[in-house]
Amino acid sequence: MKILVFEWLSAVEIGMNASFQTLENPKTQSMLRQGGGMLLALTHDLRRAGHEVVVVCASNSLEFEAPWSQALASLPPDSRCVLPPGCDWQSALVGMLPLFDSIWAIAPESEGCLMQLNQVLNAHPIHKLHPQGEFVQLTMSKSATLTHLAKHGIQPEFGQRLAPSELGQSLRYPKPMVLKLDDGAGSESIQFANAGAPINVPSQGTWRIEPWLTGLSISVSVIQGPNHTLILEPTVQRFDCQPAGNYIGGSFPLDDLMREHAHEIVSRAIQGLPMCQGYFGFDLLMNCPELNGQSLILEINPRLTCSYLGLRRIYQSNLAEAIVLLSLGQSIELSYERRPLAFDLSF
């Protein structure tokens, strides 16, 4: 199969956003490491399965000294489609589609990037290996997702989206709270405040406020096709600082009881969600002491997540090929090795 891989940060954002054209900003560096790691791991696994893979990238994404950039630049020239500066990426992408059997698109939910990319692709009949449709429309908003889960009796609703009149304001709450982007990815732009301390809400964006809960941060990834759904092994999330810094990797395994509980939570949620195909991930907060040990779904990521970088080391099966086969309606069995593993964002 001839597959086009399109990762938003390296193909679009890094070419048109000045803040992404330097690695001096730690947040930018972290996002590029995450995006680059996922892109290259996925490309490697698809090629290993025998597929012909071409990666779309902005020309300046090949110029950094970072390992992800150097690895991207080292791909054979016929495995890259390089977009020149100022290129109309939408027209360029649409022009490529007839040359491929399938496309695998990856983009953050932030600022509508994922929705914009999906809208461009929805008008074309190419086989898609990534989530799309109603599932993406719902899960790109944390508030919409959590309201949906509550409506279907999956878990109680917590937190709320801030009103437009609250943007640009300094807010105080009687309990510890956390401010986060409603469509943000991971720990992006999170702000914590103790009881009574001010939370300064930015004047732009869509924001939500939630109780400050502690517990164990868990990722659970799912791969799904039209006929089969597989819940993958949960991993513990690791950050570079607390209460929430940049995501730096994860660890495996969980103890048996927590593993079973995480699978149960995700399985129950899937039954109440719109049908999805491809790879998507759940972020859970488990055993919250503030909720008497209750566990919650914090968000659902309708795209490839960084947990893939660990899962591909845990599983002996090729997960990228498994997703391709599931998308074609085939059934598969996965094998993995249950051994302690700590993983980072390298590929």
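## Close-up views of a predicted model

**View 1. D344 and R313 form a salt bridge.** Their closest N and O atoms are 3.8 Å apart. A salt bridge here is a side-chain nitrogen of Lys or Arg within 4 Å of a carboxyl oxygen of Asp or Glu. D344 lies in the segment after strand 18 (341-343), and R313 lies in helix 9 (residues 307-314), so the pair ties together parts that are 31 residues apart in sequence. D344 is partly exposed, at 32% relative accessible area. R313 is also partly exposed, at 27%. Buried means under 20% relative accessible area, exposed means over 50%, and partly exposed is in between (1.4 Å probe, protein chains only). This is a predicted model: local features need pLDDT of at least 70, side-chain atom pairs count only at pLDDT 80 or more, and totals for chains, interfaces and linings use all residues. Residues are numbered from 1 along each chain as its sequence is written, and side-chain values use heavy atoms, with hydrogens and water left out.

**View 2. K142 pairs with E299 in a salt bridge.** The closest N and O atoms are 3.7 Å apart. The two residues come from distant parts of the chain: K142 sits in helix 7 (residues 142-151) and E299 in strand 17 (residues 294-301), 157 residues apart. Helices (H or I, at least four residues) and strands (E, at least two) are DSSP runs, numbered from the N terminus. K142 is buried, with a relative accessible area of 4%. E299 is buried too, at 6%.

**View 3. R161 and D182 form a salt bridge.** Here the closest N and O atoms are 3.1 Å apart. This pair also links distant parts of the chain: R161 is in strand 6 (residues 160-161), and D182 is in the loop between strand 8 (177-181) and strand 9 (191-193), 21 residues apart. R161 is partly exposed, at 44% relative accessibility. D182, by contrast, is buried, at 2%.

**View 4. Salt bridges link D45, R48 and R312 in a network.** Side chains of opposite charge can pair when their charged atoms come close. How many salt bridges does a search of the whole structure find? The search finds 13.

**View 5. Helix 2 runs over residues 26-48.** At 1.5 Å a residue, its 23 residues should span 33 Å. The expected span is 1.5 Å times one less than the number of residues. The end C-alpha atoms are 32 Å apart, which agrees. Just after helix 2, G50 takes a positive phi of about 100 degrees.

View 6. Two strands pair if DSSP finds at least two bridges between them. C57 stands opposite V82 in strand 3.

**View 7. The protein chain holds ten helices and 18 strands.** Of its 347 residues, 54% count as buried. The C-alpha atoms fill a box of roughly 60 × 45 × 35 Å, taken along the principal axes.
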